Amino acid sequence: MSYKNKIFVSFDGDTDIHYYRLMQAWKQNDDMSFNFYDAHDLNYARDTSMEQSIKNQLMERLRSTKIFVLLVGERTRYLYKFVRWEIEQALARNLPIVAVNLNGKRAIDTDRCPPILSDKLVVHISFNAKIMQYALENWLNSHESYTNQGKTGPYYFNDNVYRGLGL
């Protein structure tokens with residue numbers, strides 16, 4: 001079994017890829033502390049590939065994933081072919097999920113978040129390098145603790161966490 005140290009980022013490839021590219025730029029910026037081990041570095045799923053071939057490559061990425069990040073954009077709740085499938089795989093693997101609202105909302109956005117996550121143990125944050133890094137560093141242990149306590153439902157970091165990060 002491969003070591004689970006990667007972050008899997010799921011997003012609308014048609015409209016939200018620039019947010020994913022910005023995350024990659026944050027990672028490369030020496031003046032920022034943002035970092036993640038990108039599961040998308042493992043292989044490349046081409047748009048022209050057959051659906052099952054793409055899903056096989058995504059499964060390989062998910063096998064090395066420790067945290068699942070969902071970029072929640074305007075159309076995310078309506079994406080079923082790959083995004084919904086990726087979410088289902090993350091839930092089946094009991095991966096900690098960080099839902100990142102691209103509109104800046106700091107809690108669950110019921111208008112944009114896929115309904116499959118509405119009652120699941122997911123932390124919802126705004127799109128910002130500082131809070132995202134905080135979530136990547138802290139949600140894994142919180143998720144495990146909450147799971148062991150039988151807790152579920154949407155979570156969010158309170159305003160004190162954001163203030164402490166200068167946000």
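**Before you start**

The model is predicted, so local features need pLDDT of at least 70 and side-chain atom pairs count only at pLDDT 80 or more, while totals for chains, interfaces and linings use all residues. Residues are numbered from 1 along each chain as its sequence is written, and side-chain values use heavy atoms, leaving out hydrogens and water.

**Stop 1: the whole chain**

Show the protein as a cartoon. Helices (H or I, at least four residues) and strands (E, at least two) are DSSP runs, numbered from the N terminus. Of the 167 residues, 44% count as buried; buried means under 20% relative accessible area, exposed over 50%, and partly exposed in between (1.4 Å probe, protein chains only).

**Stop 2: the largest core**

Next, select Val69, Leu71, Val98 and Ile125. These have the most contacts inside the largest nonpolar core, which has 26 residues. A nonpolar core is a set of buried Ala, Val, Leu, Ile, Met, Phe, Trp, Tyr and Cys residues joined through side-chain atoms within 4.5 Å. Which helix gives the most to this core? It is H4, with 6 residues. Apart from this core lies another, of 19 residues, among them Phe8, Leu70, Val83 and Leu117. In soluble globular proteins, nonpolar side chains tend to be buried together.

Now zoom in on Leu71. Not counting residues up to four places away in sequence, Leu71 touches several residues, including Val9, Ser10, Tyr19, Met23, Val100 and Phe127. Contact here means heavy atoms within 4.5 Å.

**Stop 3**

Select Ser10, in strand E1 (residues 6-10). Is Ser10 buried or exposed? At 0% relative accessibility, Ser10 counts as buried. The side chain of Ser10 makes a polar contact with the side chain of Glu86, at 2.4 Å. A polar contact is a pair of N or O atoms within 3.5 Å; within protein, one must be able to donate a hydrogen and the other to accept it, and residues adjacent in sequence count only if both atoms are side-chain atoms.

Glu86 leads you to helix H3 (residues 80-92), where Glu86 is one of the buried residues, along with Val83, Trp85, Ile87, Gln89 and Ala90. The cover over the buried residues of H3 includes E1, helix H2 (51-63), E2 and E3. Just after H3, look for Asn94, which takes a positive phi of about 55°.

**Stop 4: the rings**

Colour the aromatic residues. Rings of Phe, Tyr and Trp (its six-membered ring) pair if their centres lie within 6.5 Å; planes under 30 degrees apart count as stacked, over 60 as edge-to-face and the rest as tilted. The count comes to 8 aromatic pairs. In one of them, the rings of Tyr134 and Phe157 have centres 5.0 Å apart and planes at 85°, so the pair is edge-to-face. Tyr134 is partly exposed, at 26% relative accessible area, whereas Phe157 is buried, at 11%. Ring pairs also link Tyr19, Trp26 and Phe127 into a cluster.

**Last stop: charges over rings**

Finally, select Arg106 and Tyr162: Arg106 lies over the face of Tyr162, at 3.9 Å from the ring centre. A charge sits over a ring if NZ of Lys or CZ of Arg is within 6 Å of the ring centre and within 35 degrees of the ring normal. The charged end of Arg77 sits over the ring of Tyr78 too, 5.9 Å from its centre.
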